Amino acid sequence: MRALPHVMRATLLASALLNPGVLAAQRARYDVILRGGTVIDGTGAAPRRADVAIRGDRIVLVGDVRSADARVVVDVSGRMVAPGFINVHSHADRGGLPTAANLLSQGVTTVLMNADGSGDVALGAQLDSLAARGLAINAAASVPFNSIWSTVVGRSDVRPTEAQIARMQQLVTTGLEAGAFGVSAGLDYKPAYFATVDEVNRILAVATSWGTFFTNHDRITPESGFSSTAGMQETMRIGFATGMVPVFTHMKLQGREQGRARLMLDTMHTETRRGRWVAGDVYPYLAGQTMLAALIVPGWAQDGGIEAMRARFRDPALRARIIAEANDAIAARFTGAAGILLNDDGTTLQQVMDREQIASPGEAVVRVLENRMPSAILGFGAEADLVQLLADPDLAIACDCDAMLPERVSHPRYFGTFPRVLGRYVREQRVLSWQAAIRKMTQLPASLMGLSDRGRLAAGMLADVVVFDSATVIDRATYAQPTTPSLGIEQVLVNGVFAVRDGKVTGVQAGRALRRTRAMISRRPR
């Protein structure tokens with residue numbers, strides 16, 4: 001300014017005085033300040049009053065910035081400010097990710113896709129495609145074991161050849177090199193159900209040096225008496241054998257094993273104390289959702305796919321065996337025919353039995369599957385177990401859902417999971433503290449994924465932030481009305497940009513496709 005001629009200096013000064021916005025822009029040190037909130041930083045530390053200052057896509061300061069200015073200043077006094085929530089069990093819907101309204105309205109800013117081993121085998125192309133369409137939230141992906149198995153081996157119960165084993169190993173390696181954060185499987189789902197533990201270990205041995213995780217929908221078999229704990233023990237064996245952190249996905253104690261949550265959690269913690277971290281995720285509902293056939297019709301009857309299964313229905317002897325084994329599965333795993341809701345017509349399996357005068361739930365399942373292939377809501381557990389799982393420090397909160405168009409939603413978890421934990425289990429029931437719950441939604445899943453720049457509110461971290469009202473946050477979605485938005489999530493920033501402002505989704509696409517590097521190691525947070 002001193003080097004400018006006197007007349008030019010005077011002109012610039014006059015211009016600034018006549019245009020206060022010029023001076024304001026010069027004073028603005030930050031792009032966004034969230035002022036006066038109660039910060040819960042994600043680490044489990046006690047809440048504290050602090051401002052959060054953001055420049056570009058990064059948090060610059062968490063502390064007192066009352067003397068500073070910003071382009072956008074939001075008074076969040078009386079509100080809680082936390083890192084954006086990270087959903088580590090996500091079923092991607094390409095149509096929903098550009099808007100992700102159901103997840104943003106819960107405070108979710110990052111998802112880990114390809115849950116239960118499903119998803120694109122060409123993981124790099126999957127991420128490129130999602131980024132090209134635009135992302136409202138951050139999206140990461142796991143190597144999808146089930147997709148790899150079905151692509152290489154097919155849908156029949158056959159043993160893979162050495163060449164097929166090598167091909168699957170290569171696909172796992174290619175996925176990790178393309179930026180996958182871990183390996184996901186659903187060994188309870190056919191045809192991956194047909195893979196032996198030895199085959200799984202051989203295929204995943206190539207991931208040993210990557211320092212990542214193996215997350216699995218545990219395989220629950222008739223041979224084990226439909227034991228959830230046996231399935232979890234298998235997941236641990238695979239994780240330990242392949243040098244990955246074993247993760248129990250949507251952890252639950254089903255049917256006949258209700259009441260055993262503490263026993264399984266103690267087993268996890270014993271292994272962790274031995275230096276072998278065991279983790280998991282859980283959602284706050286006592287019913288799941290999957291295809292009606294998937295977990296009820298026995299594996300041998302699904303060998304070869306849908307048409308092969310229906311051909312077996314037409315054989316009287318095989319049909320009788322299928323019905324008997326389906327009855328056993330329903331009795332051992334779920335809460336009965338009245339707790340099974342068919343999503344295509346909104347009727348329960350019990351209503352089908354009553355309407356068509358069918359004697360058993362297994363017979364009703366077969367009758368339905370002869371002509372249609374609906375998904376279903378399946379009641380499975382006990383509230384006492386759920387409370388213990390929700391309180392455990394090594395189980396992340398996850399919704400087993402994804403960004404999805406409302407017309408495809410049929411479970412309340414798609415709109416309600418994270419606010420339900422905060423409203424029902426923190427504020428109302430005090431099952432866990434605010435800081436413990438937020439840690440399970442932020443730092444814990446970030447550490448599992450190896451994300452060092454998300455999951456905490458601290459200087460230098462990427463600015464994924466959620467502001468919520470602790471007095472009102474709650475879910476409103478039900479099984480009858482699964483798309484009803486939750487209450488209490490007021491502001492959400494994704495990479496420093498407002499994706500939710502004053503409770504309304506803005507429609508911006510500030511999300512990114514995330515890719516893992518070898519330096520991003522899965523570690524238990526301190």
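These are my notes from going through a predicted model, entry by entry.

**Cores**

I started with the nonpolar packing. The largest nonpolar core has 87 residues. Inside this core, the residues with the most contacts are Phe85, Phe145, Leu204, Met251, Leu422 and Phe468.

I then picked Leu204 and listed what it touches, skipping residues up to four places away in sequence. The list for Leu204 reads Phe145, Val172, Val183, Phe214, Ile238, Thr242 and Met244.

**Helix 5**

Phe145 brought me to helix 5, residues 145–152. Is this helix enclosed or exposed? Six of its eight residues are buried, so helix 5 is largely enclosed by the rest of the structure. I noted the buried ones as Phe145, Asn146, Ser147, Ile148, Trp149 and Val152. They pack against strand 9 (143–144), helix 6 (162–177), strand 10 (183–185) and helix 7 (197–204). After helix 5 comes Gly154, with a positive phi near 100°.

Helix 6 holds Gly175, so I checked its burial: at 4% relative accessibility, it counts as buried, the cut-off being under 20%. Setting aside neighbours within four places in sequence, I find Gly175 in contact with Leu123, Val143 and Ala180. Gly175 and Val143 sit 32 residues apart in sequence, yet their C-alpha atoms are 5.6 Å apart.

Thr109, in strand 7 (residues 108–113), is buried too, at 1% relative accessibility. Leaving out residues up to four places away in sequence, Thr109 touches Gly84, Phe85, Ile137, Asn138, Asp464, Val492, Leu493 and Val494.

**Helix 15**

For helix 15 (residues 383–391), I wrote down the buried residues as Asp385, Leu386, Leu389 and Leu390. Why do I put them on the same side of helix 15? They cover an arc of only 130° around the axis, which places them there. What covers these residues includes helix 9 (261–273), strand 13 (279–282), strand 17 (395–397), helix 16 and helix 17 (434–441).

**Rings**

I ran through the aromatic pairs next, and the whole structure has six. Tyr193 and Phe194 make an edge-to-face pair, 6.0 Å centre to centre with 85° between the planes. Both Tyr193 and Phe194 are buried.

Tyr283 and Tyr285 took a second look. Their ring centres are 6.3 Å apart and the planes stand at 50°, so I logged the pair as tilted. Tyr283 is buried at 4% relative accessibility, and Tyr285 is buried at 5%. Ring pairs join Tyr283, Tyr285 and Phe380 into a cluster.

I also checked for charges over rings. Arg413 lies over the face of Tyr283, 5.1 Å from the ring centre. Over the ring of Phe498 sits the charged end of Arg501, 4.6 Å from the centre.

**The disulfide**

I found one disulfide in the structure. Cys399 and Cys401 form it, with their sulfur atoms 1.9 Å apart. Which hand does the disulfide of Cys399 and Cys401 have? The torsion about the S-S bond is about -80°, so it is left-handed. Both cysteines, Cys399 and Cys401, are buried.

The peptide bond from Lys190 to Pro191 is cis, omega near 10°, and Pro191 falls in the loop between strand 10 and helix 7.

Gln357 has a positive phi, near 55°, though it is a residue other than glycine. I placed Gln357 in the loop between helix 13 (349–356) and helix 14 (361–369). Gln357 is exposed, with a relative accessible area of 73%.

Asp502 is another non-glycine residue with a positive phi, near 50°. The loop between strand 20 (497–501) and strand 21 (504–505) holds Asp502. I noted Asp502 as exposed, at 55% relative accessibility.

Methods
Residues numbered from 1 in each chain as written. Predicted model: local features only at pLDDT ≥ 70, side-chain atom pairs only at ≥ 80, totals over all residues. Heavy atoms only, no water. Core = buried A, V, L, I, M, F, W, Y, C linked by side-chain atoms within 4.5 Å. Buried < 20%, exposed > 50% of the residue type's maximum accessible area, 1.4 Å probe, protein only. Contact = heavy atoms within 4.5 Å. Phe/Tyr/Trp six-rings, centres within 6.5 Å; stacked < 30°, edge-to-face > 60°. Lys NZ or Arg CZ within 6 Å of the ring centre and 35° of its normal. Disulfide = S-S within 2.5 Å. Helix = DSSP H or I, 4+ residues; strand = E, 2+ residues; numbered from the N terminus. Arc of directions from axis to C-beta.
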